[in-house]
Amino acid sequence: MKARLSTLNVNGADHQVTADPSTPLLYVLRNDLRLNGAKYGCGLGQCGSCTVQVDGAAVFSCLMPIAAVQGRRVRTVEGLGTAAKPSILQQAFAVEQAAQCGYCTAGMIMRAQAILDHTPAPTDAMIRAQMQPNLCRCGTQLRVLRAVHRAVEMLRSKLAHAQSGT
Amino acid sequence: MTRYDAPVSFTRRSVLTAGALTVAFAFASRAFGQRTALAETHSSLKTTPWLDAWIRVDGDGHISVFTGKAELGQGIRTALTQVAAEELDVSPYGIELITADTRRTPDEGLTAGSHSMQDSGTAIRIAAANVRMRLTEAAAAAWRTSAAAIATTGDGHLGHSDGRRVSYGELARTLSLHVEAMADVPLRSPAQFRTMGTALPRLDIPAKLTGESAFLSDLRPPGMLHARVVRGPSEGTRLQLPDVAAVRTRPGVLNVIQAGSFIAVVADNEWTAITAMRDLERTPAVRSAPVFLSDDLFASLKSLPAQEVPVLDTHGEVAVAVRAVTARYTRPWLSHGSIGPSCALAHFDGAVMTVWTHSQGIFNVRRFIAELLSLAPQNVHVIHAEGAGCYGQNGADDVAADAAFIAKAMPGRPIRLQWMREQEFGWEPLGPAMATELEAALDANQRIVSWRHEIWSNRHNNRPQSAGAVWIGGELEPSFRPAQGAPIPMPEGDGHRNSNPLYTLPNMHVVYHYLPDMPLRVSALRSLGAHVNVFSIECMMDELAKAGAVDPLALRLAHMQDERAVAVMQSAAERFGWSTRPPGDARRGCGMGFARYKNSGAYCSIVMEIELERTTGRIAFRRIVAAVDVGLAVNPDGVRNQIEGGIIQSLSWTSGEGVTFDENGRTSLNWGAYPILRFADVPDSIDVFIVDRPLMPFLGVAEAAQGPTAAALGNALADAGIRLRDMPFSPQRVKAALSATRTPV
């Protein structure tokens, strides 16, 4: 197919890109928008290192053509926070040192964020089940699970503080 | 004691007037015998003794530290920064660490073998202590006082007991560090440590959590183009010459490079390059090498021509043997399974080829690229940039050569090349298959009286050092001569690594049947032969314990004289509750495994409890306890992270992995065909205890858990009623073994 102008809404901002509409979102995020978070891992939706959110759901950006995300909200790890101002989940990953090489990590965070967004008090079994699509070869899974649990606790205590007005 | 919790800003105080400093070195006479002393540090100082090769202090106080080792995700950047910070007595946040770069850093060979802390950590520690000493002596000379009255203040300054202060930068302006290190320099003592021994958060993690530039694949120099290589489905195949004309004229395709059987497409857009590659791949593939299929792995490996490499042959007076056990153990070929396929970036400016690579051996990359492209080595500049974790030689070296070849054909344009997932699975060197046969005997008092251990394996180290050792070198016409290699000699070893038991045993006969012919391309996979040799030794210990009706821990301790080994075995057993563990039944089992990596590295003992799902054959990893002694643990959380990860990876290898083949080649070309452990399968818990030895040298950590974990799993399964000796312990094999036992459910 021929390249044509598309509008992508990524992390709350509209971006004009000229690309073949069948191009997987991953390549447009990485090359056109110069966002590093989503990684190429398998191109088949088997490893999760390209995970981003589309309209709040975790998706494999390596499988989703940009034609399919027109008018939808794409969120990447860059949309959560920065090193200077990290989100709660990013803070929890840092506290638990939930990474080794870190190649899978942004995908892990985006899938975990989708859990936090939809499930206020996930059990360990629920987190494991939902994180199942994402692979880590370094073996940091137990740290990732601890980080998600920690983020749940941090969110809960933040909410309690907000409700008590402190 | 002050700890460094947050970045410290460095302020410079001008205390000395320039030119006032004259430095006399009291230790010039010690140069005699210095090389020998540096060699005895077992560090990279023996090849790179100059202080300024490791550490530079600028006039403004900025400190650069240089290492030839690379960050592979193991946390070496943080650990080495801590080492330098400690001995310089500055904040780790005030140090810029420059890693593997052929133009900037010492040549420390490979980042492999759990050697980085020993080689580079020790070198940096001694070099930093030398720099601290020289700064102190310089201040003493300037102040015309005794060095004993001067101490570092932890913030890049030296202070005198009378209140005077001077910054490192001020002193450094007139101090040459182009001098050789002294080996016996005073080191900071554990009681003084501010940085070593603390769980400093990894310096590279914030960028990785937030999508800042952290990886090779995040580099996007201006004018960069995207390339893809076009190869057959896996090693041993070659595409019939595809019709490149139609692809060459496609919009966005800038070049199709053909040289011999090497084919690459270059495009201004990554997706264009991928779709062009896909079209070219449609041509049928033909086999270019014979098929090697092995239904019976033990017989297949044993049928290959072998060279005998003796490892141990000892004889001693012993009591008469009353029971003997013989067992064979095997492992299939394994994939490294890096999550990110190999990637490289190369740029040729007409004179100099610059290559960014995640290879573990950048100086090797310089060697083979110089040969491949007929460039002088000084005109090849290789810079390490992080890729996905590698765990041994994956496609990193091959893709670097591919990218450099393409870049040479397109001067002025940076070329980014990433292999596709199936190319990584199809073309990366595999972790070698192995077979072992062990026979051991007990006397009437449960003393081991004989021990035979034979290994059949290719060599595990085929790190490319010449153009004939990377794929493209064999594809060009004329092709480069394939590299010849030899096994790594003991005590490091490769296929025979860790085949010499640390236990004190009489009558040991250990031999490596080294298989020079490689039916499949293999190279280093984390821990090399130690995974299978430790598995074999430690399973045999349990098989003997069962035969002699003695507790497995007691049998081990009765044959172990190394006190540090005893300490980690006992520590893991106590923390696990070994003495009060439930007896193994047909559902649950407990097992242990121990090794000192290479008999010279880290000590590691693993104890685990597993549960069998009898209907599916699935193994549930319930509870795992590890104890490790890595010498001085620079970053305890880094040690725990490596051990936890090593355990999970070894469980994955041992319980589920094996490259598959058919008559056309490798068939495990995606994660569906080569499954690894996922979240649902990882253990319920892993607890790692560090037996800290703050006065002991660094021992490294990254590979220590691979063998002991495999053994603990095998022994836990045996405790649950099934002794499996052939990896992987797949659900099918577990079910078959369960149905062969008549244990009531």
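How many helices and strands does chain B have? Chain B has 18 helices and 26 strands, where helices (H or I, at least four residues) and strands (E, at least two) are DSSP runs, numbered from the N terminus.

Some housekeeping. This is a predicted model, in which local features need pLDDT of at least 70, side-chain atom pairs count only at pLDDT 80 or more, and totals for chains, interfaces and linings use all residues. Residues are numbered from 1 along each chain as its sequence is written, while chains are lettered from A and ligands numbered from 1 in the order in which they are written.

Staying with chain B: its C-alpha trace spans about 85 × 75 × 45 Å along the principal axes. Of its 745 residues, 55% are buried, meaning that 20 or more other C-beta atoms, placed from the backbone, lie within 10 Å of the residue's own.

Now chain A. An open sheet of 5 strands runs in the order β2-β1-β5-β3-β4, with mixed pairing; two strands pair if DSSP finds at least two bridges between them. Strands β2 (13–19) and β4 (57–60) of chain A each have a single partner strand, so one side of each lacks a neighbour in the sheet. From one strand to the next, the twist averages 45 degrees; axes are lines fitted to C-alpha atoms, for helices over the stretch in contact, and angles run from 0 to 180 degrees between N-to-C directions.

Inside the sheet, β3 (residues 51–54) and β5 (residues 73–75) of chain A run antiparallel, joined by 2 bridges. Gln53(A) stands opposite Arg75(A) in β5(A).

Methods
A residue is buried if 20 or more other C-beta atoms lie within 10 Å of its own, exposed if 12 or fewer, and partly exposed in between; C-beta atoms are placed from the backbone.
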